[in-house]
Amino acid sequence: MWLDKLFSGVLRVLTPLGPRYLKPTFAQRLYLLWVFRHFETLPVKVLSSRQQHLIEAMCAANQFVSFGAGVDDAPLLGTLEQRPPIPAYTPPRRPSSSVTESVAPFAADSHRR
């Protein structure tokens, strides 16, 4: 059983849209076997920052496999209860001048009262 998981195991990630399956590399499977050695299901909150980074990297690398493509008979390494959020960088935005112009009369009225 352990050898099957080591050579062809998948990681199930439960998302709001349903379960997704990740196909890790051999080294990632070895590490995930150790992570899930005592539990079949873990919430993302209990993972260390290194483990969360691994899952985020696997999701960002798009290592997902579709159901029915050998996933249904592949052994599960474990199940994560929720996909970790992938931080997205958004540059800071300056307010639009039209917003400033439209808010100015209201701000002036509040100062008069």
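The model discussed here is predicted, so local features need pLDDT of at least 70 and side-chain atom pairs count only at pLDDT 80 or more, while totals for chains, interfaces and linings use all residues. Residues are numbered from 1 along each chain as its sequence is written, and side-chain values use heavy atoms, with hydrogens and water left out.

The structure holds two aromatic pairs; rings of Phe, Tyr and Trp (for Trp, its six-membered ring) pair if their centres lie within 6.5 Å, and planes under 30 degrees apart count as stacked, over 60 as edge-to-face and the rest as tilted. The rings of Phe-7 and Phe-26 have their centres 5.7 Å apart and their planes at 35°, so this pair is tilted. Phe-7 belongs to helix α1 (residues 2–8) and Phe-26 to helix α2 (residues 26–35), so the pair ties together parts that are 19 residues apart in sequence. Helices here are DSSP runs (H or I, at least four residues), numbered from the N terminus. Phe-7 is exposed, with a relative accessible area of 54%, whereas Phe-26, at 41%, counts as partly exposed.

Tyr-31 and Trp-34 form a stacked aromatic pair, with 6.2 Å from centre to centre and 25° between the planes. Both residues lie in helix α2, three residues apart, or about one turn of the helix. Trp-34 is partly exposed at 46% relative accessibility, and Arg-37 lies over the face of Trp-34, 4.2 Å from the ring centre. A charge sits over a ring if NZ of Lys or CZ of Arg is within 6 Å of the ring centre and within 35 degrees of the ring normal. The charged end of Arg-20 likewise sits over the ring of Phe-64, 4.0 Å from its centre.

Turning to helix packing, α2 and helix α3 (residues 49–60) pack at an angle of about 135°, with their axes 12 Å apart; axes are lines fitted to C-alpha atoms over the stretch in contact, and angles run from 0 to 180 degrees between N-to-C directions. That makes α2 oblique to α3, a class left over once angles under 35 degrees count as roughly parallel, over 145 as roughly antiparallel and 65 to 115 as roughly perpendicular. The contact (heavy atoms within 4.5 Å) is made by Gln-28, Tyr-31, Leu-32, Trp-34 and Val-35 of α2 and by Arg-50, Gln-51, Leu-54, Ile-55 and Met-58 of α3. Gln-28 is buried, at 16% relative accessibility.

Notes:
Helices (H or I, at least four residues) and strands (E, at least two) are DSSP runs, numbered from the N terminus. Buried means under 20% relative accessible area, exposed over 50%, partly exposed in between (1.4 Å probe, protein chains only).
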